[in-house]
Amino acid sequence: MLKTIHLQYYAALREERGLSKETFETSAQNGQELYLELKKKYNFKLPIELVKVAINDEFCGLDKEIKSGDLVIFIPPVAGG
């Protein structure tokens with residue numbers, strides 16, 4: 001079953017996607033399935049092991065269930081200096 005979610009991207013993922021947010025339809029059940037779907041569709045280079053996820057403004061594991069209407073934010077590692 002397809003669900004409509006809201007995505008936000010930061011840093012390297014925003015650069016690779018070419019935008020910072022979008023509405024997306026997916027059948028992914030959790031953050032891991034969703035990231036792998038996006039990685040394949042948009043050719044993201046970051047391996048899933050390096051990506052953090054927040055759903056509805058709360059950091060969580062990639063195994064947390066995604067529901068229609070959720071805000072999902074994928075956060076790559078950030079380098080500072």
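## Contacts of Leu38

Two residues are in contact when heavy atoms of theirs lie within 4.5 Å of each other. In this predicted model, Leu38 touches Leu7, Tyr9, Phe24, Asn43, Phe44 and Phe74, leaving aside residues up to four places away in sequence.

## The nonpolar core

The largest nonpolar core has 19 residues. Those that touch the most other members are Leu7, Leu34, Tyr35, Leu38, Val72 and Phe74. E1, H2, E3 and E5 are the elements that give two or more residues to this core. The most come from H2, which gives four residues.

## Aromatic pairs

The model has five aromatic pairs. One of them joins Tyr9 and Phe44, with 5.8 Å from centre to centre and 70° between the planes. This pair is edge-to-face, because an angle over 60 degrees counts as such. Tyr9 is in strand E1 (residues 3–9), while Phe44 is in the loop between helix H2 (31–42) and strand E3 (52–55). The pair therefore links distant parts of the chain, 35 residues apart. Tyr9 has 0% relative accessibility and so counts as buried. Phe44 is buried too, with a relative accessible area of 2%.

Tyr35 and Phe74 form another aromatic pair, with centres 5.3 Å apart and 55° between the planes, and this pair is tilted. Since Tyr35 lies in helix H2 and Phe74 in strand E5 (residues 71–75), the pair ties together parts that are 39 residues apart in sequence. Both Tyr35 and Phe74 are buried.

## The ring cluster and a charge

Ring pairs join six residues into a cluster: Tyr9, Phe24, Tyr35, Tyr42, Phe44 and Phe74. Tyr42 also has a charge over its ring: the charged end of Arg17 sits there, 3.8 Å from the ring centre.

## Residues with positive phi

Most residues other than glycine have a negative phi. Which residue of helix H1 (residues 11–17) comes up here? The residue is Ala11, whose phi is positive, near 50°. With a relative accessible area of 28%, Ala11 is partly exposed.

Asp57 is not a glycine either, and has a positive phi of about 70°. Asp57 lies in the loop between E3 and strand E4 (58–60). Is Asp57 buried or exposed? Its relative accessible area is 62%, so Asp57 is exposed; the cut-off for that class is over 50%.

Definitions and conventions:
Residues numbered from 1 in each chain as written. Predicted model: local features only at pLDDT ≥ 70, side-chain atom pairs only at ≥ 80, totals over all residues. Heavy atoms only, no water. Phe/Tyr/Trp six-rings, centres within 6.5 Å; stacked < 30°, edge-to-face > 60°. Buried < 20%, exposed > 50% of the residue type's maximum accessible area, 1.4 Å probe, protein only. Lys NZ or Arg CZ within 6 Å of the ring centre and 35° of its normal. Core = buried A, V, L, I, M, F, W, Y, C linked by side-chain atoms within 4.5 Å.
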